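Thanks for coming. I have one structure to go through today, and I will keep to what can be read from the atoms.

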Amino acid sequence: MEKQAILAAIIDSSEDAIISKTIEGYITSWNQAAERMFGYREEEVIGKHISILIPKDRLSEEDMIISCIRRGQRVQHFRTIRLHKDGHHLPISLTISPVRDADGTIIGASKIARDISDQVRAERETRQHLENLELLISVGKTISEKLDLESTLQKLTDITTRLTGAELGAFFYNNVDDMGQPSLLFTLSGAPWEEFDKFGMPLDSAVFHNTFNGKGILRSDNTLAVPVISPSGEVIGGLFFAHSDPGMFTEEHEKLLTGIASQADVAIDNAKLYEEVKTLNTRKDEFIGVAGHELRTPITTIKGYLQLLEDQTTEGLTKDFIEKALRQVNKLNRLITDLLDVTRIHAGKLDYTIGPCSLTDLVKECIETVRQIHTSHVIESQLPPGDLIVMADSSKIEQVLINFLINAIKYSPGQNKIIIQVTREPGRALVSVRDLGMGIPTQHLQNIFNRYYRVSNSQHVIAGLGIGLYISKEIIDRHNGAIWVESEEGKGSTFYFALPLA
Ligand code: ADP
């Protein structure tokens, strides 16, 4: 009997709800913790069915539990939801064990329920913090990313709207354009513009007014407004959030947003700088285009006169000088063509005239052209028997070949041999130009086909614009070919291109 009393005392002092029920589910005992947890007094529930504690959509759980109990199995740490007397939901962890009589027959079950509200809340908060952290990291990314102003504002609006859990978020920004004209830019997230008025936040509202007048953060039942302030203290914009449920915005949101708002200014500055760079780049291309055209006209005239002179001069020093001058004029012409091509490529306006052409003939012609300009190197050619016909713009492929050959000579000072090889491969023709020169350090290999990219070399100063390979890549890409390089520093480089056979 004493043992019974001790047991009853233990059960009553437990923090966990301990309930017993018959195998049919009728409650037979109910401790004090159960009373606190579920709100029912003992006399209210004894004899009642356990289902009074189970939310409607979870009633089937009881069948599952009972069938386990009938089989003599325990159900351990089962996380579920139960109902309080007042109807609110309680997250709990359940452990249910069969109760047997003296013969070992299962006659009911004992149920230990632990309130896990705190745990669930902590888990939710951790998840929320993690999500916030991810969002904050993405703010950092947005700031350092090269984006235009609109996209930057949009991203910041999207991120902050998610951070606050707002139904609607907006970013208003006082922009001053190139010409010094002010305008108000805005981006929205979560809902269309029409919804904004519904939240009591029309453009002429006090919330807007106060935010832009530097009154600091304003938080009301359904709205939150945070000014974006420049380092000089000027309000340059505002973040606005709305939710139809009251009290959704907290002090924590305010803190998070203050941090972001102070960085938003940097993001906006970056975006503006990026836009400026883009504009300046376009202007530079335009300038190169105009300058190129202006240079071309007098050069064509000079070339014409030199050719006339060449025709009329038969031999001697004069002829020699004229030929030298002509070679320089051709070099200048190529340079101008390259410069103009870069601007055309950038504007997507480089025209191609595609037709069948013999790659071997083209290679021979290019070798001849380069031989006339540079006598320092021997160009050895290894050509396949017969012709290799490709569908191509011959003048453009010539441009690539000459670029490869001249580079091979330029970047192999002190050497005197270049090898150009043409091979037939299944479905394509492969051309390679090999030199034994300075080679290219590995870390530069992936960039040398980029516009204006040059490898600086402390030992040799070699003049160039860094556009030849960029144009070559563009040309080969447009022919559905492939272009690449293999190189070892100090040993030499081999440049390749492959074109589909006609
Ligand atoms: P440029 O020769 O006018 O600089 P390119 O676009 O033709 O421009 O070449 C880009 C860069 O690639 C060069 O500045 C050079 O550093 C490197 N390069 C090109 N060809 C060779 C080569 N055959 N050997 C070593 N480096 C080369």
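Predicted model: local features only at pLDDT ≥ 70, side-chain atom pairs only at ≥ 80, totals over all residues.

The shell around the ligand holds 20 residues. The closest are Asn 407, Tyr 411, Asp 435, Arg 454 and Leu 469. Sorted by class, the shell has 10 nonpolar residues, seven polar ones and three charged ones.

From the backbone, a polar atom of Gly 466 is 3.1 Å from an oxygen atom of the ligand. As for cover, on its own the ligand has 530 Å² of accessible area, and the protein covers 97% of that.

Where does the shell come from in the chain? Helix 12 supplies the largest share, with four residues.

His 479 sits in the loop between helix 14 and strand 16, the latter being residues 482–488. Is His 479 buried or exposed? His 479 has a relative accessibility of 5%, so the residue counts as buried. The His 479 side chain reaches the backbone nitrogen of Asp 393, at 3.0 Å. Setting aside neighbours within four places in sequence, His 479 is in contact with Tyr 352, Ile 354, Met 391, Ala 392, Asp 393, Lys 396, Ile 397, Leu 499 and Pro 500.

Now the aromatic rings. A pair of aromatic rings is described by the distance of the centres and the angle of the planes. The count for this model is eight aromatic pairs. One of them is Trp 30 with Phe 38, a tilted pair with 5.8 Å from centre to centre and 40° between the planes. Trp 30 is buried because its relative accessibility is 4%, under the 20% limit. Phe 38, at 1%, counts as buried too.

Phe 404 lies in helix 12 and Phe 495 in strand 17, so the pair ties together parts that are 91 residues apart in sequence. Phe 404 counts as buried at 2% relative accessibility, and Phe 495 counts as buried at 8%. Ring pairs also join Phe 404, Phe 449, Phe 495 and Phe 497 into a cluster.

Phe 495 turns up again from the side of Ser 432. Ser 432 is placed in strand 15, residues 428–435. With a relative accessible area of 8%, Ser 432 is buried. Beyond residues up to four places away in sequence, Ser 432 touches Ile 419, Ile 420, Gln 421, Thr 494, Phe 495 and Tyr 496.

Moving to another part of the chain, Pro 91 is in strand 4, residues 89–100. Pro 91 has a relative accessible area of 16% and is buried. Leaving out neighbours within four places in sequence, the contacts of Pro 91 are Thr 80, Ile 81, Arg 114, Asp 115, Ile 116, Ser 117 and Val 120. For a sense of scale, Pro 91 and Glu 234 are 143 residues apart along the chain, and their C-alpha atoms are separated by 49 Å.

Last, the backbone angles. His 77 is not a glycine, yet has a positive phi of about 45°. His 77 lies in strand 3, residues 75–83, and counts as exposed at 58% relative accessibility. Tyr 452, likewise a residue other than glycine, has a positive phi near 60°. Tyr 452 is in the loop between helix 13, residues 442–445, and helix 14. At 34% relative accessibility, Tyr 452 counts as partly exposed.

That is the tour, and I will stop there.

Definitions and conventions
Residues numbered from 1 in each chain as written. Heavy atoms only, no water. Near = heavy atom within 4 Å. Polar contact = N/O pair within 3.5 Å; in protein donor to acceptor, adjacent residues only side chain to side chain. Areas by Shrake-Rupley, 256 points an atom, 1.4 Å probe, with all protein chains shown as cover. Helix = DSSP H or I, 4+ residues; strand = E, 2+ residues; numbered from the N terminus. Nonpolar A, V, L, I, M, F, W, Y, C, P; charged D, E, K, R; others polar. Buried < 20%, exposed > 50% of the residue type's maximum accessible area, 1.4 Å probe, protein only. Contact = heavy atoms within 4.5 Å. Phe/Tyr/Trp six-rings, centres within 6.5 Å; stacked < 30°, edge-to-face > 60°.
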